[in-house]
Amino acid sequence: MTRIDAARFLDHADGLAELLVDTVRGGASLGFLAGLERAEAAAWWRGLAPAVESGGLAVWTAHDGTRATGTVGVAFVDKPNGRHRAEITKLMVHPSARGRGLARRLLAAAEEAAAAAGVTLLVLDTETGSPAETLYVKAGWNRAGTIPDYAADPAGTLHPTTLFYKRLP
């Protein structure tokens, strides 16, 4: 697992795009619909480069030697009244790499880095009833509530989302 620095972020965009396309194709609700093209996914990742450059977004990847198998981001709040909190974003594991604890290791790396940066509160949202929801509960996250019809899954069907938070030491 590696944190991607700003100088190398764009070098990883194509690999992250492939991971995103495969994960959405596998049914994960990550803000994209079925039929996501690799070029669109790569453009989305490239669009995050300024946030990585400014330090507003930290991104980690996991590789199996030839391709990205997982990623997670921490989006830091830039407002003065919210610098104590951050959001976990786009935690995803390639369908072929699931069931080996990779998501938990990515999440732990993001939590540790956020705490080291002075963050004391993390937040996230995930599709209610998804395998990710189970992961967060097992990792010590607290449910804050559910919002109905929050986002569409890759097939376009609306689903509720569950909001989570975790206090960091």
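This is a predicted model: local features need pLDDT of at least 70, side-chain atom pairs count only at pLDDT 80 or more; totals for chains, interfaces and linings use all residues.
Strand β7, residues 158-167, pairs with two other strands. Its pairing with β5, residues 121-127, is antiparallel and comprises seven bridges. Within this pair, Leu121 lies opposite Arg167 of β7. Strand β6, residues 142-152, also runs antiparallel to β7, and seven bridges connect them.

Two of the helices are described next. Helix α3 spans residues 38-46, and Ala41, Ala42 and Trp45 in this helix are buried. These residues are on the same side of α3 because they cover an arc of only 100° around the axis. The elements against which the buried residues of α3 pack include the helices α1 (6-9), α2 (13-25) and α4 (49-54). The strands β2 (57-63), β3 (68-76) and β4 (85-93) are also packed against by the buried residues of α3.

Helix α5 consists of 15 residues, 102-116. The distance from its first C-alpha to its last is 21 Å, close to the 21 Å expected at 1.5 Å a residue. Buried positions in α5 are Leu102, Leu106, Leu107, Ala108, Ala109, Ala110, Glu111 and Ala114. The buried residues of α5 pack against the strands β2, β3, β4, β5 and β7, as well as against helix α6 (131-138). After α5 comes Gly118, which has a positive phi near 95°.

In soluble globular proteins, nonpolar side chains tend to be buried together. In this model, the largest nonpolar core contains 25 residues. Those with the most contacts inside this core are Trp60, Ile88, Leu106, Leu122, Tyr136 and Trp141. At least two residues of the core come from each of β2, β3, β4, α5, β5 and α6. Helix α5 makes the greatest contribution to this core, with six residues. Another core, of 22 residues, lies apart from the largest one, and Ala17, Leu19, Val21 and Met92 are among its members.

The surroundings of Tyr136 can be given in detail. When neighbours within four places in sequence are left aside, Tyr136 is in contact with Leu91, Leu107, Leu124, Thr126, Trp141 and Phe164. Of these residues, Leu107 is one of the buried residues of α5, and Trp141 is listed with Tyr136 among the residues with the most contacts inside the largest core.

Key: Residues are numbered from 1 along each chain as its sequence is written. Side-chain values use heavy atoms; hydrogens and water are left out. Two strands pair if DSSP finds at least two bridges between them. Helices (H or I, at least four residues) and strands (E, at least two) are DSSP runs, numbered from the N terminus. Buried means under 20% relative accessible area, exposed over 50%, partly exposed in between (1.4 Å probe, protein chains only). The arc is that of the directions from the helix axis to the C-beta atoms. Contact means heavy atoms within 4.5 Å. The expected span of a helix is 1.5 Å times one less than its number of residues. A nonpolar core is a set of buried Ala, Val, Leu, Ile, Met, Phe, Trp, Tyr and Cys residues joined through side-chain atoms within 4.5 Å.
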